[in-house]
Amino acid sequence: MATTVSFSVESPQGPRTVSVGYERTGTGEPLLLLHGIGHHRQAWDPVLPVLAVERDVIAVDLPGFGVSPALPDGLPYDLPTVVTVLGAFCSAIGVDRPHVAGNSLGGLLALGLGREKLVRSVTALSPAGFWAPGERRYAFTTLRTMRRAALSMPMPLIERLSRSAAGRTTLTSTIYARPGRRSPDAVVAETVALREATGFHQTLAAGRDALFTDDVPGLPVTVAWGGRDRILLRRQGVRAKHVIPDARLVRLPGCGHVPMNDDPALVSRVILDTSR
């Protein structure tokens with residue numbers, strides 16, 4: 001069950017109130033989980049039971065996704081602003097420098113939090129921001145196509161497709177290497193989340209200029225890439241290693257762009273190893 005917290009963030013026009021939905025479970029050192037564009041906090045459900053044994057896990061719906069409303073006027077969706085929002089969110093819930101794991105957009109944000117020393121460790125799963133121009137165009141075209149497809153399908157069709165492994169493959173094979181493993185309810189919920197993401201277009205527009213070019217010194221950093229990622233190709237992980245030379249670069253065999261569903265045990269181990 002999601003909890004929502006509201007807090008103030010400064011903008012050029014003055015303070016703005018931001019609301020963020022999140023789910024918190026487990027015990028131990030805090031661990032912040034950040035999903036990708038068009039997704040929601042439930043992307044982390046496959047790994048939550050394992051992570052919660054050792055960590056106080058906080059899975060966030062990013063602004064404009066899931067149950068979190070869009071950012072108010074005056075706050076853009078660019079990397080510095082959303083990193084500031086996430087830092088203010090942590091303060092609002094009484095968490096100081098959590099570990100962080102992020103996927104795709106969430107991976108880019110996790111690295112941004114690490115660069116600002118707002119976290120203790122960073123695990124970035126297929127993070128955005130290490131693309132060549134052609135790779136970025138390909139990824140953005142794929143994401144827009146997914147969004148248009150989700151918007152075009154009536155709910156009865158989505159529900160019918162979700163009931164079979166072949167249908168779940170049709171709906172989610174772009175992000176999962178093993179889409180048949182996803183439950184019907186989860187597939188319906190994330191297709192609806194993609195349809196209803198109020199921050200989708202603004203986030204994508206801000207991402208046109210998003211390149212991560214700075215090191216993240218002084219923190220444990222792991223960059224992990226699915227061997228079957230169809231959105232951000234795994235060679236981008238090599239670029240990430242050049243930018244962050246002390247990072248641990250890990251391959252996730254048999255995993256797609258959202259690897260938490262494809263191999264929960266492996267992904268959990270990578271996150272916990274980094275946060276230790």
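Biologist: What volume does the second largest pocket have, and what makes a space a pocket?

Modeller: The volume is about 340 Å³, taken as the space filled by probe spheres set on grid points that are joined across faces, edges and corners. A pocket is an open set of points, on a 1 Å grid over the protein atoms alone, where a 1.4 Å probe fits, with protein on both sides within 12 Å along at least five of seven lines. The model is predicted, so local features need pLDDT of at least 70 and side-chain atom pairs pLDDT 80 or more, whereas totals for chains, interfaces and linings use all residues. Residues are numbered from 1 along each chain as its sequence is written, and side-chain values use heavy atoms, without hydrogens and water.

Biologist: Which residues lie nearest the centre of the second largest pocket?

Modeller: Leu105, Leu108, Ala128, Thr203 and Gly207 do, out of 26 lining residues, that is, residues with an atom within 4 Å of a point. Two or more lining residues come from each of helix 2 (79–92), helix 3 (105–115), helix 4 and helix 8 (200–207). Helix 8 has the largest share, four residues. Helices are DSSP runs of H or I with at least four residues, strands are runs of E with at least two, and both are numbered from the N terminus.

Biologist: How does the lining of the second largest pocket divide by class?

Modeller: There are 20 nonpolar, four polar and two charged residues. Nonpolar covers Ala, Val, Leu, Ile, Met, Phe, Trp, Tyr, Cys and Pro; charged covers Asp, Glu, Lys and Arg; the others, Gly among them, are polar.

Biologist: What are the volume and the class counts of the largest pocket?

Modeller: The largest pocket holds about 410 Å³. Met146, Leu171, Thr172, Ile175 and Leu194 are the closest to its centre among 26 lining residues. Helix 4 (133–152), helix 6 (165–172) and helix 7 (184–195) each give two or more residues to this lining, and helix 4 gives the most, six. The lining has twelve nonpolar, 13 polar and one charged residues.

Biologist: Why is Ser126 called buried?

Modeller: Buried means under 20% relative accessible area, exposed over 50%, and partly exposed in between, with a 1.4 Å probe and protein chains only. Ser126 has 0% relative accessibility, so Ser126 counts as buried. Ser126 lies in the loop between strand 6 and helix 4, with a positive phi near 45°.

Biologist: Why does Lys117 count as partly exposed?

Modeller: Lys117 is at 36% relative accessibility and therefore counts as partly exposed. Lys117 is in the loop between helix 3 and strand 6 (122–125).
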